[in-house]
Amino acid sequence: MEGAWVALALTLKVAGWATALNLIFGVGVGYAMARWRFPGRELADAVLTLPMVMPPTVLGYYMLVLIGTHGPIGAWLLQHFGIRLIFTWQAAVIAAAVVSFPLVFKSARAAFETVDPQLEDAARLLGIGEVGVFFRVSLPLAGRGVLAGLLLAFARALGEFGATLMVAGSIPGKTQTLSIAVYEAVQAGQDDTANFLVAVTSVTCIAVLLSAGRLAPGRVAPRA
Amino acid sequence: MDDLPIRSTTLPRLLAFALAAGLSLAAQAADLTVSAAASLTNAFKDLAPLFEAANPGTKLQFNFAASGPLLQQIVKGAPVDVFASADQETMDQAQAQGFVQAAQRRNFVSNTLVVIVPAASARVPAGLKDLAQPAFERVAIGLPASVPVGRYAQGVLEAAGLWAAIEPKMIGAQSVRQALDYVARGEVDAGFVYSTDAALMADKVKVAFSVPTVKPILYPAAPIAAGPNGAVAQRFVEFLTAPPAQAVLAKYGFGKP
């Protein structure tokens, strides 16, 4: 039963880091796509949304091929830094981040597109730099949508299974997240362990949803 | 009113489709479902045409996984006709719970436990003791709780007093084939598989040494007690021990039981 708490802590750590990565990349790319017009923008949007549509095993395979020891990224990391990503919790973070990226990116793009560009222009006229415009005008106005996306992404990252299993394996205490621990307990016929893990997972998910409801759109940033 | 003709053809088509789907489902119900250990994958696929030719009208349907999950599926009521596991222990559990026809249980092949390394690897262990060295950071072992090859590996490592040293390096695999894949991709430094698995990927992995197991590795097969096709299931188990099937199994490196 102690293993369940270890798995829970690991799951929260992985989902937390994945959401933090998406806070930077998902929100950044979402903003760029909302404000920046370039040929092939919708194609880029489609490609960036792919992780939401593709089966996690396909994503897992792509990642395995890229960051694996013989993959272009994996071989480079190993050669220059001696880092082997596969079977580490960092690999689980990458898997969870990739899978949940579209949820942040899509919400952020939609949220930024609802921000009136005139308000940004007004700030620029008042002498505020681009970075200031983003953090003081665009982001606060898009905050509700961005936060909603981040919460969804966190929830999705908590439950990530397929891609995680492929790139991070199932090492108790290291890469064995709750969903993988449940799978393994069922495979081995350890129903008691499975029941306990499932209960822990269910309570965690309810807690996340309840706190999401508290932070949810409407309470975070009062509309200006 | 314009769309009426479309509707009048759509509905019959849908019905026809549903009927066809239902019929194919009915046809599947007459098939023989064999749940077999992952290490048997290639050999059993090769055996299927032989059995189907000898039993016209029967179609084999395979369900490959580690023996542990296969047992759990049977325990939970999966409609399986034959169970072939990679160890006696899993089959014993099935038998103790009354899920298999004990009288018709047969050992049909034997296998050998080997330690493999990636083909390009410069470090080749000479014996189990070498795996404890720091040069071997990651060792793929089937999860002992559900994968027989993992239990065999744990058994020999415990007997050699090395389990405590190797366990922290263990990368658990969901089946023997996953352990094989981890080694073939070079993601681990060594792995425990059967000699028959290593032979399938001779271009990507090399056998460092074979490991005598405490108990011989014997594969049993038995018809499932509640299986939908009892008579055919029994014939399949008998077929496995007969010379034509044994010849195919031997081609893949399996030994006589």
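**View 1. A:Leu85 is a buried residue of a loop.** A:Leu85 counts as buried because 23 other C-beta atoms lie within 10 Å (buried means 20 or more other C-beta atoms within 10 Å of a residue's own, exposed 12 or fewer, partly exposed in between, with C-beta atoms placed from the backbone). The loop that holds A:Leu85 runs between α4 and α5 of chain A (helices are DSSP runs of H or I with at least four residues, strands are runs of E with at least two, and both are numbered from the N terminus). Setting aside neighbours within four places in sequence, you will find A:Leu85 in contact with A:Ile67, A:Gly74, A:Leu77, A:Gln90 and A:Ala91 (contact means C-beta atoms, placed from the backbone, within 7 Å).

This is a predicted model, in which local features need pLDDT of at least 70, side-chain atom pairs count only at pLDDT 80 or more, and totals for chains, interfaces and linings use all residues. Residues are numbered from 1 along each chain as its sequence is written, while chains are lettered from A and ligands numbered from 1 in the order in which they are written.

**View 2. A:Phe87 has a positive phi.** Phi of A:Phe87 is near 70 degrees, and this residue is not a glycine. Most residues other than glycine have a negative phi. A:Phe87 sits in the loop between α4 (72-81) and α5 of chain A, and is buried, with 23 C-beta neighbours inside 10 Å.

**View 3. Helices α1 and α5 of chain A pack together.** Here α1 (residues 2-35) and α5 (residues 89-113) of chain A meet at an angle of about 35 degrees, their axes 6 Å apart (axes are lines fitted to C-alpha atoms over the stretch in contact, with angles from 0 to 180 degrees between N-to-C directions). Their contact has 22 nonpolar, four polar and three charged residues (Ala, Val, Leu, Ile, Met, Phe, Trp, Tyr, Cys and Pro are nonpolar, Asp, Glu, Lys and Arg charged, and the others, Gly among them, polar).

**View 4. Helix α7 of chain A has a kink.** The kink in α7(A) is about 65 degrees and is centred on A:Gly143 (a bend is the angle between axes fitted to the seven residues ending at a residue and the seven starting there).

Note on methods
Contact = placed C-beta atoms within 7 Å.
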